[in-house]
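Morning, everyone. Please have a look at it first.

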Amino acid sequence: MASLSRKSIWSDVFLSPEDVELALAARNFAQKEIEPLAAEIDRKHEIPADLIKKMADLGFLGMNVEQKWGGAEMSALSYVTALEEISVACASSAVLMSVNNSLVCAPLSRFGSQVQKEKYLSKLARGEWIGCYCLSEPASGSDAAAMKTRAVKNSKGWVLNGVKNFITNGREANLAIMYAMTNPDAKHKGISCFLVEKEMPGYVVAKLEEKLGIRGSSTAQIVLENVQVPEENLMGVEGEGFKIAMNTLDGGRIGIAAQAVGIARACLEEAAAYALEREAFGKTLSQLQSIQNYVADMSAKIDAARLLIRAAAYKKDKGENITREAAEAKLFAPESCMEIAVKGVQILGGYGYTSDYPMERHFRDAKITEIYEGTSEIQRLVIAREIFKSIES
Ligand code: COS
């Protein structure tokens with residue numbers, strides 16, 4: 001693979017000195033330990049277990065969890081800053097980190113009982129266990145409340161049956177945050193949330209998806225066949241699972257937005273380095289106005305996306321509701337990322353279309369950020385609803 005003399009193009013705006021230190025440490029780790037493996041991770045469709053362990057040892061898998069539960073107890077702002085750096089190196093490693101932090105440790109920290117935290121949170125925060133988040137199904141993605149998975153009460157707790165689709169970390173996960181209908185007549189108010197262990201009989205990782213991008217990250221179909229879940233593994237209140245799911249996704253969405261900024265930054269850094277080296281018409285590409293225009297647009301969009309993310313993280317750290325801010329970041333960063341990846345490939349021309357350079361991987365990785373944890377269409381719906389709600393109230 002060809003290599004370019006890239007420089008990091010980032011911003012420390014709104015970061016504390018500790019956050020800057022963290023960003024530099026995350027970058028140093030990502031450049032030394034992750035980036036050299038990124039092409040192989042993509043090709044082999046697997047993140048090496050010892051790399052996951054290294055991420056865990058640095059505290060990257062439980063960044064916001066309290067120290068007493070084995071976490072790094074850092075802010076949301078620190079989390080999105082570190083995640084951006086990991087994403088520049090490898091989007092697959094970044095999504096494993098994002099899901100474990102935002103979609104698994106976060107709801108357990110917020111809604112889990114003392115017993116549930118004692119049993120699961122420390123293992124997950126330390127990265128001894130990996131978690132996954134099971135909301136989508138074969139026939140329900142955006143319309144999450146239309147799920148068919150059922151949980152029926154019996155003398156020992158709950159019996160779960162159903163199929164969950166597109167589950168990130170599904171191959172590695174030891175614990176699933178699992179949503180199921182406990183009262184189908186009540187629609188979204190009949191959804192509850194369960195903690196389901198991979199080792200519980202009837203929990204089957206049925207299929208691994210072949211994907212366009214983030215190929216190192218596993219995406220599984222999980223089938224539940226009469227899985228007996230103990231009563232104490234109901235998380236939160238029965239019937240409040242949908243609210244847990246939505247609240248969790250508010251936090252998750254700023255993580256995916258940070259992943260999109262990281263991928264976009266990789267595109268910009270590589271395209272700019274290439275444009276400084278490559279000559280055409282007796283000049284370097286960097287001296288051609290069309291290329292300058294592309295680079296300028298890429299940079300402005302990355303900076304704007306990052307500001308949306310940091311604004312949402314800042315509000316989250318103050319304990320405020322971030323439904324609109326998270327949806328705006330999750331809308332703007334991924335759509336910008338996709339545009340930037342298209343421009344990145346264009347600047348490298350034929351080389352951008354081959355695996356000689358990492359650009360084609362970034363291009364493939366970019367697309368999913370517009371889809372998972374709520375499509376761009378869903379983010380627009382959420383933003384518009386929040387705007388009208390704020391005017392009406
Ligand atoms: N935080 C807390 N509660 C929320 C919430 C949030 N961000 N968003 C909605 N709710 C609550 C509502 O307040 C409402 O509560 P009440 O019943 O007490 O009024 C309830 O949840 C239902 O909300 P709503 O009527 O908005 O639900 P809808 O079915 O119309 O749709 C959308 C909600 C479309 C926004 C939701 O289904 C969604 O986000 N879909 C995308 C799911 C997704 O991201 N999937 C990706 C897979 S997970 S990787």
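Start at S142. One of its backbone N or O atoms sits 2.8 Å from a nitrogen atom of the ligand. Keep in mind that this is a predicted model.

Now two side chains. R253 places a polar side-chain atom 2.9 Å from an oxygen atom of the ligand. T323 has a polar side-chain atom too, 3.3 Å from a nitrogen atom of the ligand.

How much of the ligand does the protein cover? On its own, the ligand has 1,000 Å² of accessible area, and the protein covers 72% of that.

Which elements give two or more residues to the shell? They are α6, residues 241-277, and α10, residues 376-392. The largest share is from α6, with seven residues.

Let's look at the whole shell. The ligand is surrounded by 20 residues. S142, H188, K189, K243 and R385 are the closest.

Next, the domains. The domain assignment divides the chain into domain 1 (17-125), domain 2 (131-241) and domain 3 (245-392). So where is the ligand among them? Domain 2 and domain 3 both contribute residues to the shell, so the ligand lies between these two.

Let me turn to another pair, domain 1 and domain 3. Their C-alpha centres are 20 Å apart. How many residues are in contact here? On the domain 1 side there are 27, and on the domain 3 side 28. Between them, about 2,000 Å² is buried. Carbon and sulfur atoms give 57% of that area.

Together they supply 27% of the area that domain 1 buries against domain 3.

To recap: the ligand lies between domain 2 and domain 3, and domain 1 has its own contacts with domain 3. Thanks. I'm happy to take questions.

Technical notes. Residues numbered from 1 in each chain as written. Predicted model: local features only at pLDDT ≥ 70, side-chain atom pairs only at ≥ 80, totals over all residues. Heavy atoms only, no water. Near = heavy atom within 4 Å. Polar contact = N/O pair within 3.5 Å; in protein donor to acceptor, adjacent residues only side chain to side chain. Areas by Shrake-Rupley, 256 points an atom, 1.4 Å probe, with all protein chains shown as cover. Helix = DSSP H or I, 4+ residues; strand = E, 2+ residues; numbered from the N terminus. Domains from an automatic or database assignment. Contact = heavy atoms within 4.5 Å. Buried area = accessible area lost by both parts, 1.4 Å probe.
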